[in-house]
Every structure is written in C-alpha cells, then in structure tokens.
Amino acid sequence: MTRIFFATDIHGSEKCWRKFINAGQFYKADIIILGGDMTGKAIIPIVEKSDGTHKVSFLEQEVVLRGEKEVAQMERTIVDRGYYPLRASFSKVEELNADPKKVEELFVQMAVQTVERWLDYAEKRLKGTGIKCYVCPGNDDMFEIDEVIEGSKYVFNAEGKVIELDPIYKMISTGWSTPTPWNTFRECSEEELQKKIQAMAYQVEDMSRCIFNLHDPPYGSGLDEAPELDAQLRPKYAGRSTVAVGSKAVKEAVEKHQPLLGLFGHIHEAKGLTKIGRTTCINPGSSYEQGILLGVLVDLDSRGIHRYLPTSG
C-alpha cells in the first residue's frame, strides 16, 4: 500500500506550507504532492510613522500598530494569509509606487527568499522520515523559484517529468495553465498544453498505473467552475453565477489516456470529485487565505485506488 497526500494552491501561505510539510507524518503518508501555485499574491507595506508607530492597510482595513510585538504579530498574520510584509518608510513606499519595475523586482526577491526559507523548513521536517515530497510550480509562480527548488535534497520539482512514485505507479506533472485574465507567469495555449502533456504521457506504458498531476482541471468537469467575472474582473451577481474555465487539452488527454487518477487545482472554489471514463478526478480546492489546508489522501494498492479521503485542517 502507498499513501499519497495531495494539496494545491497555497499561494504563499506560510501556515499552509507548514501544514503541507507535516501532513506526511500526520497522515502517515509515503508521498506528499503540492499541485501548484506556491508563491504569494502581493507585498503589504507596514509603514513607519514619525511617532514610532506603524500603519498597515490589509484586507480592506487600516490598522495602527504600536510597538514591536504588534508589528511582529501583523507580519505573522500577513505571511500566514499568503502575502509578503515589508517594513518601510513612507518615502520608500512612495518610491516603489512610482516605479512598478522596482516593485516587480522586489516581489520576485521576496518570493524567492520565502521559498528558500520554506525549503529549509522542509529539510528539517522531512530529513530521516523517508517521505517523498514533490512540488509543481503553477501558473502564478515565477520561474525564478525553479532553480531554488532544484537545489533541495528533500523537495523535488515534478514539472514536465515522469516520476516513479513506487514500483507500480508513475506520475506526470505540469503546473502550466491556459490563459487567464491576470496574465500570469506560466500560461500557454491549449495546443501548447496538449504538447506538454503528450510528451510525458507517451513515455508511460500502462496508464492504469499512472497519475496525472495537472494544475489546470478538465474543461466542463465540474472541477473548473469559477465565478463569472465582469469587465473589472469582479464576480458577477455576487458570485452566484459560475462558468467552466478549465482546459480542453486536459480534458482530451484524460479522455484519451484514461489514467488511474487525475489530481487538479487552479480553481479554488471547485472542490470536488468526478469520473471521466475510468479516471477518478479530484480537485481538493483551496482555503489558503484562512490558513486552512485542504487536501486529499489516496491509498493505492496493486489493484488501483484502495480508498480516498478529503482532508481539511
């Protein structure tokens, strides 16, 4: 029996990363897999005022912080919610606001430093456990983190690879997605995504013993239902209207190859399970901003999927 723990879309949440790394021992899993979108969304300035206090605007609230303890607590809250806190003077914030390129460079720098810290934490927690850990950067992840991951002894980058999970089962992975309204880092056309998947799938002899770890969910599967957006990229009708936004290339690949299991993410609201032919398809969803790690445990035996169990914690 091989037990897999799968989660996805933690978007910079320090709390969710710690939970992910510790999930192997907690759930007695042999393998832990993060499906994509590791890095955070934005920098949150904590501005030092002339009277020694600090001011921060976070989650539509403006807060005045008094003393080092309050500032440190706010920094912890920010990183646990998936953002990057930056202590800065008012003049420094004005300087950054006037130069988007500097903001972009700083954002990449802070994301890379965070991933470096995360990998150090993973090494301390995974060393000696025998637990295998795979990550696959998603469409929201800048390419600069790939080299950092490649340097880790305990966390392996699964992007574009056919990986032997155990003597029976293999996994193919990609974190690329089809185009989004936000023009993120790893986006490509349906045709390009199809080529990425096929290049790996053709190396697998027995699809009944293969897992597809693909960030973009299959189009029209129910695992890709996202709020319909207006011209300002805000949810229409208070989020009550949804549309399918997944990948047709992913759907065709699953229909064609019929792997044993498909693990997907990308659409946080589309938590669920469905079948496409013989393939069990799962999107565990994401609640990273609440510091909640959603996931799924899958037990594999020589005959296939023995059991699966959604998790939340």
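**Close-up views of rings, pocket and cavity**

**Figure 1. Lysine side chains over aromatic rings.** Lys196 is positioned over the face of Trp176, at 4.2 Å from the ring centre. The structure shown in this and the following views is a predicted model. A second example involves Tyr219, whose ring has the charged end of Lys248 over it, 5.2 Å from the ring centre.

**Figure 2. The aromatic pair of Phe5 and Tyr27.** Nine aromatic pairs are counted in the model. A pair of aromatic rings is described by the distance of the centres and the angle of the planes. For Phe5 and Tyr27 the ring centres are 5.3 Å apart and the planes stand at 15°; because planes under 30 degrees apart count as stacked, this pair is stacked. Phe5 belongs to strand E1 (residues 2-7) and Tyr27 to helix H1 (residues 14-27), so the pair ties together parts that are 22 residues apart in sequence. Phe5 has 0% relative accessibility and therefore counts as buried.

**Figure 3. The aromatic pair of Phe26 and Tyr27, and the ring cluster.** The ring centres of Phe26 and Tyr27 lie 4.9 Å apart with the planes at 90°, so this pair is edge-to-face. Phe26 has 63% relative accessibility and therefore counts as exposed. Ring pairs join Phe26 and Tyr27 into a cluster with Phe5, Trp17, Phe20 and Trp118.

**Figure 4. The largest pocket.** The volume of the largest pocket is about 1000 Å³. Its lining comprises 31 residues, of which Lys41, Trp182, Leu229, His268 and Glu269 are the closest to the pocket centre. By class, the lining of this pocket holds 14 nonpolar, eight polar and nine charged residues. Domain 1 (43-99) and domain 2 (106-284) each contribute at least three residues to the lining of the largest pocket.

**Figure 5. The largest cavity.** Rolling a probe the size of a water molecule over the atoms shows where empty space is left. One cavity of 30 Å³ or more is present in the structure. The largest cavity has a volume of about 40 Å³. Thr8, Asp9, Ile10 and Cys16 are among the residues that line the largest cavity. The lining of the largest cavity also includes Gly285, Ser286, Ser287 and Tyr288, together with Ile292, Leu293 and Leu294. Six nonpolar, four polar and one charged residues make up this lining.

Terms used. Residues are numbered from 1 along each chain as its sequence is written. This is a predicted model: local features need pLDDT of at least 70, side-chain atom pairs count only at pLDDT 80 or more; totals for chains, interfaces and linings use all residues. Side-chain values use heavy atoms; hydrogens and water are left out. On a 1 Å grid over the protein atoms alone, a cavity is a set of points where a 1.4 Å probe fits but cannot get out, and a pocket is an open set with protein on both sides within 12 Å along at least five of seven lines; lining residues have an atom within 4 Å of a point. Grid points are joined across faces, edges and corners, and a volume is the space filled by probe spheres set on the points. Ala, Val, Leu, Ile, Met, Phe, Trp, Tyr, Cys and Pro count as nonpolar, Asp, Glu, Lys and Arg as charged, and the others, Gly among them, as polar. Rings of Phe, Tyr and Trp (its six-membered ring) pair if their centres lie within 6.5 Å; planes under 30 degrees apart count as stacked, over 60 as edge-to-face and the rest as tilted. Helices (H or I, at least four residues) and strands (E, at least two) are DSSP runs, numbered from the N terminus. Buried means under 20% relative accessible area, exposed over 50%, partly exposed in between (1.4 Å probe, protein chains only). A charge sits over a ring if NZ of Lys or CZ of Arg is within 6 Å of the ring centre and within 35 degrees of the ring normal. Domain bounds come from an automatic or database domain assignment.
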